[in-house]
Amino acid sequence: MGIRLPGISQTKKIFRSSFAPATTEDVPKGHFAVYVGESQKKRFVVPISYLNHPSFQDLLCKAEEEFGFDHPMGGLTIPCREEDFIDLTSLLNS
């Protein structure tokens with residue numbers, strides 16, 4: 001997940017403004033909330049279309065291995081570094 005591509009820092013800036021951690025409980029239609037982080041979790045709202053991507057499915061498998069179906073945050077928890085999550089979703093977004 002440590003893939004670095006030219007221009008990725010610009011993509012990260014766009015991603016952070018478009019998919020900044022949610023501050024309300026509202027999730028728009030066609031999206032779902034995930035909690036991301038190794039120790040401190042941040043909430044992100046992402047498009048449901050990400051569920052079709054093999055890389056995102058790998059993250060979900062890791063989440064299942066670590067948490068099973070008991071997610072301590074009350075929602076889907078993905079146990080990876082926030083930066084890795086942003087890198088992956090930036091690639092899925094393009």
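Me: In which strand is the place of Leu 76?
Reply: This is a predicted model, so read every value as computed from that model. Strand β3 covers residues 76-78. Leu 76 falls within that range, and its strand is β3.

Me: Is Leu 76 buried, partly exposed or exposed?
Reply: Buried would need under 20% relative accessible area, and exposed would need over 50%. Leu 76 has 25% relative accessibility, so it counts as partly exposed.

Me: How many Å apart in space are Leu 76 and Val 36, C-alpha to C-alpha?
Reply: Along the sequence, these two are 40 residues apart. In space, the C-alpha atoms of Leu 76 and Val 36 are separated by 8.7 Å.

Me: What pattern does the chain follow along the sequence?
Reply: Start with the parts. The chain has 3 helices and 3 strands. Read in order along the sequence, they give α-β-β-α-β-α.

Me: How many bridges join strand β1 to β2?
Reply: Strand β1 spans residues 31-36. It runs antiparallel to β2. One place to look is His 31, which stands opposite Pro 47 in β2. The number of bridges joining the two strands is 6.

Me: Which residue in the turn between β1 and β2 has a positive phi?
Reply: The two strands form a hairpin, with 5 residues between them.

Me: Why is strand β2 described as largely enclosed by the rest of the structure?
Reply: Strand β2 covers residues 42-47. Look at how many of its 6 residues are buried. The strand is largely enclosed because the buried ones number 5.

Me: How many Å apart in space are Phe 56 and Phe 85, C-alpha to C-alpha?
Reply: Phe 56 lies in helix α2. With a relative accessible area of 0%, Phe 56 is buried. Phe 85 is among the residues that Phe 56 touches. The two are 29 residues apart in sequence, but C-alpha to C-alpha the distance is 9.1 Å.

Me: Which cysteine does Phe 85 touch, not counting residues up to four places away in sequence?
Reply: The contacts of Phe 85 include Val 34, Val 36, Phe 44 and Ile 78. A cysteine is also on that list.

Me: How many disulfides are found in the whole structure?
Reply: A disulfide is a covalent bond between the sulfur atoms of two cysteines. Cys 61 is partly exposed, because its relative accessibility is 41%. Cys 80 is buried, because its relative accessibility is 7%. The search of the whole structure gives a disulfide count of 0.

Me: Which residue forms a salt bridge with Glu 82?
Reply: Side chains of opposite charge can pair when their charged atoms come close. The search of the whole structure finds 2 salt bridges. In the one with Glu 82, the closest N and O atoms are 3.6 Å apart, and the partner is Lys 42.

Me: How many residues apart in sequence are the parts tied together by Glu 82 and Lys 42?
Reply: Glu 82 lies in helix α3, which covers residues 82-93. Lys 42 lies in strand β2. So the pair ties together parts whose separation in sequence is 40 residues.

Me: Is Asp 84 buried or exposed?
Reply: Asp 84 lies in helix α3. It forms a salt bridge with Arg 81, the closest N and O atoms being 3.1 Å apart. Arg 81 is partly exposed at 40% relative accessibility. Asp 84 has a relative accessible area of 15%, so it is buried.

Me: How many Å separate the C-alpha atoms of Asp 84 and Gly 37?
Reply: Asp 84 and Gly 37 are 47 residues apart along the chain. Their C-alpha atoms are separated by 9.4 Å.

How values were computed: Residues are numbered from 1 along each chain as its sequence is written. This is a predicted model: local features need pLDDT of at least 70, side-chain atom pairs count only at pLDDT 80 or more; totals for chains, interfaces and linings use all residues. Side-chain values use heavy atoms; hydrogens and water are left out. Helices (H or I, at least four residues) and strands (E, at least two) are DSSP runs, numbered from the N terminus. A disulfide is a pair of cysteine sulfur atoms within 2.5 Å. Buried means under 20% relative accessible area, exposed over 50%, partly exposed in between (1.4 Å probe, protein chains only). Two strands pair if DSSP finds at least two bridges between them. A salt bridge is a side-chain nitrogen of Lys or Arg within 4 Å of a carboxyl oxygen of Asp or Glu. Contact means heavy atoms within 4.5 Å.
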